[in-house]
Amino acid sequence: GLVYVGDHSDKVHCFKLDRDLVWSFDSGAAVYGSVLTRGRTLYVGNDNNTLYALNRLSGERVGALYMNGAIKRAPFAFDGEPN
């Protein structure tokens, strides 16, 4: 029942299906790709070379990985990976 949206103004938003805002996260740079959810974790990359892991229910930052370039697409996972 939740929808996750990244935007070009540095934010990742979580909405209920009735469009009520649940939380927002400031990623520090534009978000161009979609997000990936795995269990209770939401993964999203930004234009500032950072891949974030967020608690998908609260928007709290769980971790971050600094990459060698801007992340312009959605993160992906392979089938068969542990949750």
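The model is predicted, with a mean pLDDT of 90 for the chain. It contains two aromatic pairs. One joins Tyr 4 and Trp 23, and the other joins Phe 25 and Tyr 52.

**Aromatic pairs**
- The ring centres of Tyr 4 and Trp 23 are 6.2 Å apart and the planes meet at 40 degrees, so this pair counts as tilted.
- Because Tyr 4 belongs to strand 1 (residues 2-6) and Trp 23 to strand 3 (residues 21-26), the pair ties together parts of the chain 19 residues apart in sequence.
- Tyr 4 and Trp 23 are both buried.
- Phe 25 and Tyr 52 pair edge-to-face, with 5.1 Å between the centres and 70 degrees between the planes.
- Phe 25 in strand 3 and Tyr 52 in strand 6 (residues 50-55) are 27 residues apart, and their pair links distant parts of the chain.
- Phe 25 and Tyr 52 are likewise both buried.

**Ser 24**
- Ser 24 is located in strand 3.
- Its relative accessibility is 39%, so Ser 24 is classed as partly exposed.
- Leaving aside residues up to four places away in sequence, Ser 24 touches Val 12 and His 13.
- The C-alpha atoms of Ser 24 and Val 12 lie 5.6 Å apart, although 12 residues separate the two in sequence.
- The side chains of Ser 24 and His 13 are joined by a polar contact of 2.7 Å.

**Confidence**
- In the chain, 94% of residues reach a pLDDT of 70 or more.
- Confidence is highest in strand 3, at a mean of 97, and lowest in strand 4 (residues 36-38), at 91.

Conventions:
Residues are numbered from 1 along each chain as its sequence is written. This is a predicted model: local features need pLDDT of at least 70, side-chain atom pairs count only at pLDDT 80 or more; totals for chains, interfaces and linings use all residues. Side-chain values use heavy atoms; hydrogens and water are left out. Rings of Phe, Tyr and Trp (its six-membered ring) pair if their centres lie within 6.5 Å; planes under 30 degrees apart count as stacked, over 60 as edge-to-face and the rest as tilted. Helices (H or I, at least four residues) and strands (E, at least two) are DSSP runs, numbered from the N terminus. Buried means under 20% relative accessible area, exposed over 50%, partly exposed in between (1.4 Å probe, protein chains only). pLDDT is the predictor's confidence in each residue, from 0 to 100. Contact means heavy atoms within 4.5 Å. A polar contact is a pair of N or O atoms within 3.5 Å; within protein, one must be able to donate a hydrogen and the other to accept it, and residues adjacent in sequence count only if both atoms are side-chain atoms.
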